Amino acid sequence: MTRIRHVVAAELSKLLSLPSTAVAFAAMVLGPVAVTFLNARNAAYTDPAQAVLSAAPIGTVGAIVLGVVAMSGEYRSGPQESGGGRQITSTLTAMPHRAWLLVAKAIVVVLLVAVAAAFAFLLALVCAHHVLGGGEAGGVPARLFGAAAYWAFTALIALAVTVFTRSGILPLIVLIANGSLVSLSYLLFKVAPAARYLPDLAGIRLFADEDHLAMADALDPVTGGLVMGAWTTGLLAVAALVLHRRDA
Amino acid sequence: MLSIEKLGKRRGSRVILADVDLRAEPGKVTAFLGPNGAGKSSTLRILLGLDRPTSGTALVHGRAYRSLRDPLRTVGSMLDGPGAHPSRTARAHLAWIARSNGIPRRRVAEVLEQVGLAAHGRGRVGGFSLGMGRRLGLAAALLGEPEALVLDEPVNGLDAEGVRRLRGLVRAHAADGGTVLLSSHLMGEVAAVADDVVVISGGRVVAAGPLSDVTRGHASLEDAYFALTGYERAEGA
């Protein structure tokens, strides 16, 4: 059995040497900073921290991209000229313990999301303070932490889903559309209130406070965070099982 | 020592492999021959823990590949293509593989040199030719200084210099006491390097043994191969 620390190091090296990782990272940092700036500029918010939190949902786009490419890269075919072949063959011969492999990928994805979130919120706070001037609201640091957790859960769900699809296209389209353009979960919630237990809605109050949320009856931050965490853990567990049993 | 016993594989109702037996011993080059689609790659993929057999066992030094600790230090392998992400450089590809098995970083430059790819270490895999892709795959196989080499169609796409280099490397590996198992559908290339031969056709082993035994009674390995696989009629040769 390969040592988990080697597997994590290999997966980190892999993800950091992919151009799409830089794109995802930039999206996680620049997206929220830009939206914070616009929200502050349009005086939609008076409190800088609130302006930053209002920009947190856009960061899920980069988180989704990161989670997806961490897995979809394995299944991308090389060009025919160089003999085709997919990276998953190299990955699984080097690291045959597939559950550890998925754990390592999850650790690396969470690590990168955490670093991106730290950069994003720091820059966005500086930006909002610059536009709006001072002002400090209680409980904001906790909710910024909550926003980072929401991104991390989202990235991990994207990772797990991509294990099932073995291609990045479908998860990218569905998850990004659901996270930014039209929330299917939210539409469903309008019809069936139980939809608030769906992963993206369950965790929404990790960063959004009740006054700034269009959704009534959202789960409280702790319950919601636990529900979203349970979805994430469950999906990863099923993904590990699928990966373990499936022919590469 | 690589030992495969009574290996069977089905996909749905289709039989891919039936009762495949194969041994590759240290100090020898074992050639695994058969037409395309005969089951060579399927056998090697099971040996390397990529696919699961329906029945039988495939062991490396008596252990399942998936249970090996740092497997690349025991078995180096190359399957179809380089198995690298097209946007990564050759060096970055080998670097993560080295990390995954605790292989010293200096090996990356060493194997690039060894396969004749030193000048292309910073080139992206997506821009590689077929021959360069094969060389990169071979470099990855050699990275962990493994006792056994498992190479699927290693000659494919190599130029004359590459074939010569590969032959030398494979012979040297066996001469040092290592185990080499290589598959091919090209007889001429194999006759020049193999000690033992296993011929597979339609998912079944049709002949196995030392090269001289398998070719006895035939003009060449090629004739023996066509006679054994019944391929000459299909080819019209």
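In α2(B), the buried residues are B:Ala90, B:Ala92, B:His93, B:Leu94, B:Ala95, B:Trp96, B:Ile97, B:Ala98, B:Arg99 and B:Ser100. Here a residue is buried if 20 or more other C-beta atoms lie within 10 Å of its own, exposed if 12 or fewer, and partly exposed in between, with C-beta atoms placed from the backbone. That comes to 10 of the 11 residues of the helix (residues 90-100 of chain B), so α2(B) is largely enclosed by the rest of the structure. The model is a predicted one: local features need pLDDT of at least 70, side-chain atom pairs count only at pLDDT 80 or more, and totals for chains, interfaces and linings use all residues. Residues are numbered from 1 along each chain as its sequence is written, while chains are lettered from A and ligands numbered from 1 in the order in which they are written. Helices (H or I, at least four residues) and strands (E, at least two) are DSSP runs, numbered from the N terminus.

What do the buried residues of α2(B) pack against? They sit against α1 and α5 (87-94) of chain A, together with α3 (106-114) and α4 (130-142) of chain B. Contact means that the C-beta atoms of two residues, placed from the backbone, lie within 7 Å. Just after α2(B), B:Gly102 takes a positive phi of about 60°.

As for the contact between the chains, 32 residues come from chain A and 41 residues from chain B. On the side of chain A that touches chain B, α1 and α5 of chain A each supply at least two residues. By class, that side of chain A has 12 nonpolar, 14 polar and six charged residues. In this scheme Ala, Val, Leu, Ile, Met, Phe, Trp, Tyr, Cys and Pro count as nonpolar, Asp, Glu, Lys and Arg as charged, and the others, Gly among them, as polar.

Within chain A, helix α1 (residues 4-16) packs on helix α6 (residues 98-132) at an angle of about 55°, with the axes 9 Å apart. That makes α1(A) oblique to α6(A). Axes are lines fitted to C-alpha atoms, for helices over the stretch in contact, and angles run from 0 to 180 degrees between N-to-C directions; those under 35 degrees count as roughly parallel, over 145 as roughly antiparallel, 65 to 115 as roughly perpendicular and the rest as oblique. From α1(A), residues including A:Ile4, A:Val7 and A:Leu15 meet residues of α6(A), among them A:Trp100, A:Lys105 and A:Leu112. The contact of the two helices has 11 nonpolar, no polar and two charged residues.

Chain B also has an open sheet of three strands, in the order β2-β1-β4, with antiparallel pairing. Strands pair if DSSP finds at least two bridges between them. The edge strands are β2 (14-24) and β4 (55-60) of chain B, each pairing on one side only. β1 (residues 2-11) of chain B and β4(B) pair over five bridges, and B:Ile4 stands opposite B:Ala58 in β4(B). Helix α1 (residues 40-47) of chain B lies across β1, β2 and β4 of chain B, at about 115° to β1(B).

B:Glu145 is in the loop between α4 and β6 (148-152) of chain B, and counts as partly exposed with 15 C-beta neighbours inside 10 Å. B:Glu153, in the loop between β6 and α5 (160-175) of chain B, is buried, with 22 other C-beta atoms within 10 Å.
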